Amino acid sequence: MDYLTILQILDSALRLATPLLFACLAGLFSERAGIFDIGLEGKMLMAAFFSAATAYSTGSVWLGLLAGIAGSLVLSGIHGLASITFRGNQLISGVAINFLASGLTVLIGLSWFKLGGQTPALQGDARFQGLDLPFAEALSGVPVFGPLYSEVLSGHTILVYVALLCVPLTWYVLFRTRFGLRLRAVGENPAAVDTAGISVVGLRYAAVAICGVLCGLAGAYLATGLGASFVKEMTAGRGYIALAALIFAKWRPWYALYATFLFGLLEAISNRYPSLDLGFVTLPSQFMQALPYILTVVILAGFVGKATPPRAGGEPYVKER
Amino acid sequence: DPAIIFDLGGKFDKSFNEAAFNGATRWAEETGNKFAEVELQSDAQREQALRRFAEAGSNPIVMAGFAFGNALGEVAGDYPDTSFVIIDMVVDAPNVRSVVFNEHEGSYLVGYMAAQTSKTNTVGFIGGMDIPLIRKFACGYAQGAKAANPDTKVISNMTGTTGAAWNDPVKGGELTRAQISQGADVVYAAAGGTGLGVLQTAADEGILSIGVDSNQNFLHPGKVLTSMMKRVDNAVYNAMKDGPGLETGFNVMGLANDGVGYAMDEHNADLVSDEMKATVDAVAAKIISGDITVHDYMSDESCPSLTF
Amino acid sequence: MSTAPAIELKGISKAFGPVQANKDISIRVMPGTIHGIIGENGAGKSTLMSILYGFYKADKGDIYISGEKVSIPDSQAAIAAGIGMVFQHFKLVENFTVLENVILGAEDGALLAPSLRKARKDLAALAAEYELNVNPDALIQDIGVGMQQRVEILKALYRHADILILDEPTGVLTPAEADQLFRILHRLKDEGKTIILITHKLREIMEATDTVSVMRRGEMTATVKTSETSPEHLAELMVGRKVLLRVDKEPAKPGALVLEVENLRVVDAAGVERVKGISLEVRAGEILGIAGVAGNGQSELLEVLGGMENGTGSIRVNGEELDLTGKHSDARSRRKRGIAHVPEDRQREGLIMDFKAWENTAFGYDDDDAYQSGLLMNNVAIREDAEGKIERFDVRPANCDLEAKSFSGGNQQKIVLAREIERDPDLLLVGQPTRGVDIGAIEFIHQQIVALRDKGKAILLVSVELEEILSLSDRIAVIFDGHLMGERLPAETDEKELGLMMAGMTGEDT
Amino acid sequence: MEQLPKWADLVVVPLVGLILAFILSMLMVFATGHDPMEALKLMVSGALGSTYGWGYTLYYATNFIFTGLAVAVAFHASLFNIGGEGQAAIGGLGVALVCLFIPWPHWTIALLAATAAAGLFGALWALIPAYLQAKRGSHIVITTIMFNFIAASLLNYVLVNQLRPKGAMDPATAKFPEPSHLPSLGEILNSVGIPFAKGTPANVTLLVALAACVFVYFLIWRTRLGYQLRAFGKSQPAAVYAGINPVKITIITMMISGALAGLMAINNVMGEAERLILGSVEGAGFIGIAVALMGRSHPIGILFSALLFGALYQGGAELGLWTSIPRELVIVIQALVILFTGALDNMVRLMVAKVLIRPKRAEA
Ligand SMILES: Nc1ncnc2c1ncn2[C@@H]1O[C@H](COP(=O)(O)OP(=O)(O)OP(=O)(O)O)[C@@H](O)[C@H]1O
Ligand SMILES: Nc1ncnc2c1ncn2[C@@H]1O[C@H](COP(=O)(O)OP(=O)(O)OP(=O)(O)O)[C@@H](O)[C@H]1O
Ligand SMILES: [Mg+2]
Ligand SMILES: [Mg+2]
């Protein structure tokens, strides 16, 4: 494997990791506040649809982004209503949201665009364009680092950089602000937050809303950043992978970056080597496609210790019964 | 009235189901008649839909997809007065018309064009899932490419192993980029909705792509080299036009009877020179005449020009 | 001139579903006093205080603070009204630092750093003023309960509480810690703060409070001046009958050696050695009490003996060696050897809180032949057995279909004791048998332990309550930092000497 | 919150939730320009109005019973098995191997063997995640998700490259030989004189599913293993105190769970398709999560919620057949049912309580 190939794989990994990273951070906010969310997939899908639909209709990717976020937020609202206000089962609510998104996106898409639930292809300002980072051209000649900067880091859509920025931002919000302190507390011991005179419900809704915004970004990136239209079920299980990454990352922002990047990297590698000839045996494509998942299990078993979820996670906060 | 049953992918799968739907719609528009239709959600519904439509008097009943083979085998005998048309599969029964396509022939042609167009001598293939039908596409494509230029390298990727593989444009795009970085400058997608991502990315990255099943040239004018046409729409249209008493039996749709082919229109006119078109048409003629044999993967389950 | 009461509650009622936890309760507490509240488990003390703190909403009734009617819909309002509360079950975030717990909800501004800086300073000042030293950067999960309680008090003081409610604050404290707590409470009182103290320990009521209220079954049955009452009187008011406040027992008649521990060492999951070479023996028909400040290795000692933890060294029961690390080092194997175990934490370990009482009476003994019928468990037999136990141990309510969590602490403990004692074990391990349990139940539990001893069984008792150790044990060993500091006979020692040994000073030093 | 009488909690609340879900669904049908009453009638009569409809409803329900039980058993030990999808797929592989390569004299024996194989394969597929969770602390949710993908790849490989008959287009095995075909429910009932539509996929596996419900009931509430498993699920420190081996319990529980998921294969692979098809699980593993949660992890609850989902599937199929209502609407209806009967049940309970309890107060 030469340097250029490595760069290309890293470049691809970064793109593939971005939606996972958004979704993973989304889940991080929610679960840190004690609300489990297996509905990441559905929210991403909803956002993908509304961002593409709006971007197409208005010709503005930014309006699309807002609409995508709004779509995802509506589902967050349902999740909040079910799991915070009415103290329902968070897993069931998540499952319902995934179903709801997968049905609604196509239904609405059918009635709006009559394209089989798909949106028309986006063009020009209706989609995010790649950004060249400053000096990318100039630095590309510098050995080793130059290509890394100009090939791997530069040239992505703005959402990729937003996602990367979200990592320190999330870390900062969680660990350096009052809001973050309270949010983490409410996921560990809501009674402590309650008796400290802070609204558990308010905090949890805030967390779920942030989760919605980030899922919105993830979905918008899929449909208007990486792709250029909505296709039904286009999230293709990425919400579940993000969930796995979140556990892998032990609910921590920087680890979330590493975990999602690892998933992106493994997928990029298996894309690059659809079947691998080892000389004595050729690994079939199915094996290479399963490789990211197999390696995840291996890494998880070998190198990552026990992950302790937020203590109050998944449990509705009930004072009186 | 006729009826049509779409496979699990749904009638808007950007692939044969959609082509079938288009054929049926064309028939309905032209004749002003109606047809019954259903999109399956579960394997168990195949037989159910067949029987229910047959009992409700629909005739003929058309089904899109090889997966109906077994179910139709069970059902056909029970409704001798109903005509069935199955696409992509052979079912041997007196009231069944089996329509199969020589996708390998069409793929050969577009592979030939791809290799002719490629400046890097590298062309790509992106399939939805590693299943025999897709191998048939890939194998013909590779043979065509190598026929045009023996030095051509063919890179092939399959998208995935779950149903999501057919609806993952993002992954399609990423596979395209991976192939581009390995030098491919023409990619052929046979992957349903995933293919949309392939065509999109190819257009974005300034290489050419090849559409599949229906004419997808219009999706990115000037950037889609051509499309491998598999005229499922015609097959459905004909079936519905022929009506209840249609002629049954084995029906091969190949280059010879315009069952497969490559798409030319205003969107790709500038990409395909007259000279190139002439060569390709000559190749097509040779295939029809038998001077060129395109290897059918299904004939012996092997592919001389590509390993999977 | 009469000042307005600091707190006045009028006609407070509160029901949890069918349970009427508080019935038309009225109470007045004057500023600058310490007011005690006592009552049996489940009498409604915590509920009443939680209402005052805005944690629960009362169904009926009014709250007056300093003579003014206030509405306390949530804890924020209570904090604003100058109320601070230390809950029976601490409301701390385990994996936060002390500092973070203190500022939670009382931050100054959106960023943490300034708040933390200010809090660190204020905390140092408070610590100096009230002798409430804590390491501000320690994680709650790493510090002992005594420290955790300091954090809770600091939380209230940091919020400038004028009224401080403490719900069973000494339940988990050592005598020294408790003494210190009361010194602090008196300081606060002298500063004019008002304190409400819930406790099951009559001695604390007598020593610390100015007035005391008694609750029974959701009602306030009496309020008296402390100086005008006696422990016996209070106990009677509480339970409704005369209570024996002393353990009544014959001298022990020690028999054969049952338990021999030699050079036992235990290393915990974090790699810290918690038990550092302990040797001890217990004979049939005697109670060996282990006194010590929590966290000095007594829990680990019990856990190894009970098969919940691995150790090295040698343990013999009835002369037979126990497996300390291998396949037979689990709790089930211990039970087969005639060892019964009443664990320190009944809610976390001793019971499955979501299981019905009858299911809990078979917990750990589900492989008993009497409980099997073929491949299945004989639920009828278990239930019958449970009913007997519940009757004999006077568990209230005597309904074995209730889930363990809906029994009061005392009654939960009775279920555990019934299960373990009625196994007729050769050796009974008992950890903190009366923690948080009301005096009526304490009397009963102590009687049961003594009765088992009198049947000729060996008992190893671990308790942080010196009073309990002194009155139950036939011999007392003191544990400090994983070592045994020495042994005393109860008649020949006192709390003072034991307290010094618990602090690491050997008997010879004194 | 007010306490509802038990009957209201068990019957009225789910029913009201269902009604709410359907009212919303029908509004959506109306919004998409169709006649809601007609759609509702079609769904209900299509799913439950004839033995024919029942034949399909019960077939789907059978699948969901197995996957629901699988999730439930793991839940009792507080393990979240999202791997039902993969376990059922691998169970299918077991069934296929047993049916294809061993000539069985009679379906009864074939069924026994296939049941064993399906259970064994499913259990083995759950074993690795279970072992990793118990021994290495790898989170079972991640590993089971990963194993779903790995199972899909494995099956893709095996079906395309190994088990597919030469020349077949389908990524599927050959049809199983005649003696291993299971009798359909129609055949069984007709043979004892009860009229029941033939040609529906419900088959004798339904009885296996019912047996599995009984088995799970006894396992969870009447055996020592179940007792220990529940205790472990409620409190791990307490389990250690009682001498329950966490590693052993985790592994055994997950293997039982995996086996139950695997058993689904005798319904869809052996009973219905009579061959193994790629992607034959069709999401039933995930539906199983909803079924188990809605059924409150109790076999009887699971039975009912599986029936509900089965009816939704079959009713949805009828909608698809006779109207132009898009099939995605059926997914939305499923979502709403899950939402209102599963996640928003407390909201419904509150509403019911208002109606049921207020008047009583007034009387008093
Ligand atoms: N959150 C709650 N939900 C339902 N019932 C409760 C709740 N809290 C308390 N109860 C019930 O209210 C009654 C009073 O409980 P409370 O905790 O106030 O008693 P207590 O006097 O503090 O007892 P203890 O001495 O054990 O601390 C009990 O019967 C209890 O079962
Ligand atoms: N959320 C609740 N729901 C129902 N009952 C409760 C609840 N919280 C407490 N109780 C009951 O209230 C009573 C008093 O509970 P409390 O929390 O004061 O603990 P406790 O019984 O004193 O035990 P301990 O002091 O040992 O922890 C008990 O009967 C307990 O079971
Ligand atoms: Mg209390
Ligand atoms: Mg108590």
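This is a predicted model: local features need pLDDT of at least 70, side-chain atom pairs count only at pLDDT 80 or more; totals for chains, interfaces and linings use all residues.
Several helices of chain D each supply at least two residues of the side that touches chain A, namely helix 5 (107–136), helix 6 (140–163), helix 12 (284–294), helix 14 (327–343) and helix 15 (345–363). Sorted by class, that side of chain D has 31 nonpolar, 10 polar and 5 charged residues. The contact draws 43 residues from chain A and 46 residues from chain D. About 3800 Å² is buried between the two chains, and carbon and sulfur atoms give 80% of this area. Of the 5 pairs of chains that touch, chains A and D have the most contacts. Chains B and C, in contrast, are joined by no contact, and their closest C-alpha atoms lie 39 Å apart.

Chain D also meets chain B. Here 38 residues of chain B are in contact with 35 residues of chain D. The area buried between chain D and chain B is about 3100 Å², with 51% of it on carbon and sulfur atoms. Three residues, D:Met169, D:Leu321 and D:Arg327, supply 25% of the area that chain D buries against chain B, more than any other three residues. The rule finds 5 salt bridges across this interface. In one salt bridge, the side chain of D:Lys166 meets that of B:Glu301, at 4.0 Å from N to O. Polar contact links 14 residue pairs between chain D and chain B, both residues being at pLDDT 80 or more. On the chain D side, helix 3 (51–76), helix 6, helix 13 (299–322) and helix 14 each supply at least two of the residues that touch chain B. Helix 13 of chain D gives the largest share, 7 residues. The side of chain D that touches chain B divides into 20 nonpolar, 6 polar and 9 charged residues.

Salt bridges can also be counted for the whole model. Over all chains, the structure holds 79 salt bridges. One of them pairs the side chains of B:Lys171 and A:Glu267, with 3.5 Å from N to O. B:Lys171 belongs to helix 6 (residues 169–181) of chain B and A:Glu267 to helix 12 (residues 253–272) of chain A, so this pair joins two chains.

Turning to chain C, one open sheet has 6 strands in the order 16-19-20-13-21-22, with mixed pairing. Strand 16 (339–342) and strand 22 (483–488) of chain C each have a single partner strand, so one side of each is left without a neighbour in the sheet. Neighbouring strands are turned against each other by 20° on average, direction ignored. Within this sheet, strand 13 (residues 287–291) and strand 21 (residues 475–480) of chain C run parallel and are joined by 4 bridges. C:Leu288 stands opposite C:Arg475 of strand 21. Helix 9 (residues 298–306) of chain C packs on the sheet, where it touches strand 13, strand 16, strand 19 (427–431), strand 20 (458–463) and strand 21; the direction of this helix makes about 145° with that of strand 19. Helix 14 (residues 409–421) of chain C packs on the sheet as well, touching strand 16 and strand 19, and its direction makes about 175° with that of strand 16.

Another open sheet of chain C has 6 strands in the order 6-7-8-3-9-10, again with mixed pairing. Its edge strands are strand 6 (83–86) and strand 10 (219–225), each of which pairs on one side only. From one strand to the next, the twist averages 15°. Strand 3 (residues 34–39) and strand 8 (residues 194–198) of chain C run parallel, and 4 bridges join them. C:His35 stands opposite C:Ile196 of strand 8. Helix 1 (residues 45–52) of chain C lies across strand 3, strand 6, strand 7 (163–167), strand 8, strand 9 (211–216) and strand 10, running at about 150° to strand 8. Helix 6 (residues 175–190) of chain C lies across strand 3, strand 7 and strand 8, and runs at about 150° to strand 8.

Key:
Residues are numbered from 1 along each chain as its sequence is written. Chains are lettered from A and ligands numbered from 1 in the order in which they are written. Side-chain values use heavy atoms; hydrogens and water are left out. Contact means heavy atoms within 4.5 Å. Buried area is the accessible area (1.4 Å probe) that two parts lose on being put together, summed over both. Ala, Val, Leu, Ile, Met, Phe, Trp, Tyr, Cys and Pro count as nonpolar, Asp, Glu, Lys and Arg as charged, and the others, Gly among them, as polar. Two strands pair if DSSP finds at least two bridges between them. Axes are lines fitted to C-alpha atoms, for helices over the stretch in contact, and angles run from 0 to 180 degrees between N-to-C directions. A polar contact is a pair of N or O atoms within 3.5 Å; within protein, one must be able to donate a hydrogen and the other to accept it, and residues adjacent in sequence count only if both atoms are side-chain atoms.
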